[in-house]
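I opened a new structure today and kept notes as I went. Here is what I looked up, in the order I went through it.

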Amino acid sequence: MKKRFKFEKGLDDRMEHMNYIKVENELEGAEVLTEIIGDLLAQNALHVLGLATGGTMIPVYQQWVASSLDFSQVTTFNLDEYVGVTPENENSYAYFMDQHLFNHKPFKEIHLLDGMAQDLQVECARYEQLLTDKKLDLQLLGVGENGHIAFNEPGTSFHSTTHLAELTEDTVTVNSRFFEPGELVPNTALTMGIQSIMNAKKIVLLAFGERKQAAIAKLKEGKVDPDWPITKLLDHEDVTIITDL
Ligand code: GLP
């Protein structure tokens with residue numbers, strides 16, 4: 001296991017219980033996470049797994065696919081999905097998950113939010129009920145440049161459950177890098193809420209590169225700030241941060 005250490009002394013006390021794993025780069029970060037997942041599977045402690053999308057997760061899923069990890073008894077939930085984008089559209093998170101993971105590894109059950117649902121409120125309630133019934137053993141997270149987790153943008157209620165979210169202009173701009181030039185980038189999404197994420201037994205967040213510097217710096221300040229959703233993780237009792245920052 002890679003070197004693990006707590007936040008340095010002098011930072012807010014609430015950071016003390018956070019496991020902060022400093023790595024060289026995202027490849028090493030993906031290795032550490034893969035090792036954590038392997039340990040949990042071996043301990044029979046990973047039945048329900050919350051998955052994330054985004055560039056950060058690509059090396060992680062590559063390593064899982066190349067590994068002998070057995071997910072056949074694991075149920076998954078994805079964090080979020082764009083509204084109005086079909087699963088066949090290669091910008092959908094459903095497509096991303098198929099391409100990077102689900103087409104290559106068998107899982108017990110896969111749960112995704114349906115951004116094409118006729119009634120989005122009903123869809124959110126359906127998903128939240130499933131989460132309540134199944135209970136996440138572990139939720140994986142990336143982070144947005146503005147500190148968003150899943151699609152919980154700055155200012156989102158800490159009590160939020162799965163809901164329809166409006167994306168900030170910044171997020172739409174950042175995410176447009178995955179779309180073809182001129183293609184319309186969705187500005188709404190369905191997302192697990194901050195409370196839905198906080199309900200997970202364990203949380204592991206990955207953040208690499210300069211773009212994530214501000215969000216990680218806010219976390220290190222040790223104060224929960226609604227303008228930086230990532231900081232709510234300070235209130236969770238089992239969080240691991242894997243980062244090169
Ligand atoms: C999107 C997703 C987040 C993800 C973020 C970071 O906004 N909704 O769940 O953490 O992107 O993406 P990337 O890993 O590509 O930087």
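These entries go from the core to the helices, the ligand and then a few single residues.

**Entry 1: what kind of model**
I noted at the start that this is a predicted model.

**Entry 2: the core**
Which residues have the most contacts inside the largest nonpolar core? I found Leu49, Trp64, Leu205, Ile230, Leu233 and Ile242 listed for that, in a core of 68 residues. Helix H1, residues 26–42, gives the most to this core, with six residues. I also wrote down a second, separate core of nine residues, with Tyr82, Val85, Tyr93 and Val172 among them. As background, nonpolar side chains in soluble globular proteins tend to be buried together.

I then picked Ile230 and looked up what it touches. Leaving out residues up to four places away in sequence, Ile230 touches Val143, Gly147, Ile149, Leu205, Ala215, Ile216 and Leu219.

**Entry 3: helix H1**
I checked the length of H1 against what its residue count predicts. At 1.5 Å a residue, its 17 residues should span 24 Å, and the end C-alpha atoms are 24 Å apart, so the two agree.

Which residues of H1 are buried? I listed Glu28, Gly29, Ala30, Val32, Leu33, Thr34, Ile36, Ile37, Gly38 and Leu40. The cover over them includes strands S1 (19–22), S2 (48–51), S6 (138–141), S9 (202–207) and S10 (239–243), along with helix H2 (58–66).

At the start of H1, a side-chain oxygen of Asn25 comes within 3.2 Å of the backbone nitrogen of Leu27. After H1 comes Asn44, with a positive phi near 60°.

**Entry 4: helix H2**
Next I moved on to H2. Its buried residues are Pro59, Val60, Tyr61, Gln63 and Trp64. I found that H1, S2, helix H3 (93–102), S6 and S9 are included in what covers them. Trp64 was already in my notes, as one of the residues with the most contacts inside the largest nonpolar core.

**Entry 5: the ligand**
Which residues come nearest to the ligand? Of the 15 residues around the ligand, I wrote down Gly55, Thr56, Asp80, Arg177 and Lys212 as nearest.

A polar side-chain atom of Thr56 lies 2.4 Å from a ligand oxygen. For Lys212, an N or O atom of the side chain is 2.7 Å from an oxygen atom of the ligand. For His148, the corresponding distance from a side-chain N or O atom to a ligand oxygen is 2.8 Å. Taken alone, the ligand exposes 390 Å², and the protein buries 96% of that.

**Entry 6: positive phi**
Most residues other than glycine have a negative phi.

Lys135 has a positive phi near 65° and is not a glycine. I placed Lys135 in the loop between helix H4 (120–134) and S6. Is Lys135 buried or exposed? Its relative accessibility is 53%, so Lys135 counts as exposed.

Ala150 also has a positive phi, about 55°, without being a glycine. I found Ala150 in the loop between S6 and strand S7 (163–166). At 10% relative accessibility, Ala150 counts as buried because the limit is under 20%.

**Entry 7: Thr191**
Thr191 sits in strand S8, residues 188–191. I noted a relative accessible area of 0%, so Thr191 is buried. Neighbours within four places in sequence aside, the contacts of Thr191 include Leu79, Asp80, Leu113, Ala150, Phe151 and Asn152. Thr161, Thr162, His163 and Ala165 are also in contact with Thr191.

Gly155 lies in the loop between S6 and S7. With a relative accessible area of 52%, Gly155 is exposed. I found that Gly155 touches Pro226 and Asp227, not counting residues up to four places away in sequence.

My last stop was Ala117, in the loop between strand S5 (109–111) and H4. Ala117 is buried, at a relative accessible area of 17%. How far apart in space are Ala117 and Asp244? I wrote down 38 Å from C-alpha to C-alpha, for two residues 127 apart in sequence.

Definitions and conventions:
Residues numbered from 1 in each chain as written. Predicted model: local features only at pLDDT ≥ 70, side-chain atom pairs only at ≥ 80, totals over all residues. Heavy atoms only, no water. Core = buried A, V, L, I, M, F, W, Y, C linked by side-chain atoms within 4.5 Å. Buried < 20%, exposed > 50% of the residue type's maximum accessible area, 1.4 Å probe, protein only. Helix = DSSP H or I, 4+ residues; strand = E, 2+ residues; numbered from the N terminus. Contact = heavy atoms within 4.5 Å. Near = heavy atom within 4 Å. Polar contact = N/O pair within 3.5 Å; in protein donor to acceptor, adjacent residues only side chain to side chain. Areas by Shrake-Rupley, 256 points an atom, 1.4 Å probe, with all protein chains shown as cover. Expected span 1.5 Å × (residues − 1).
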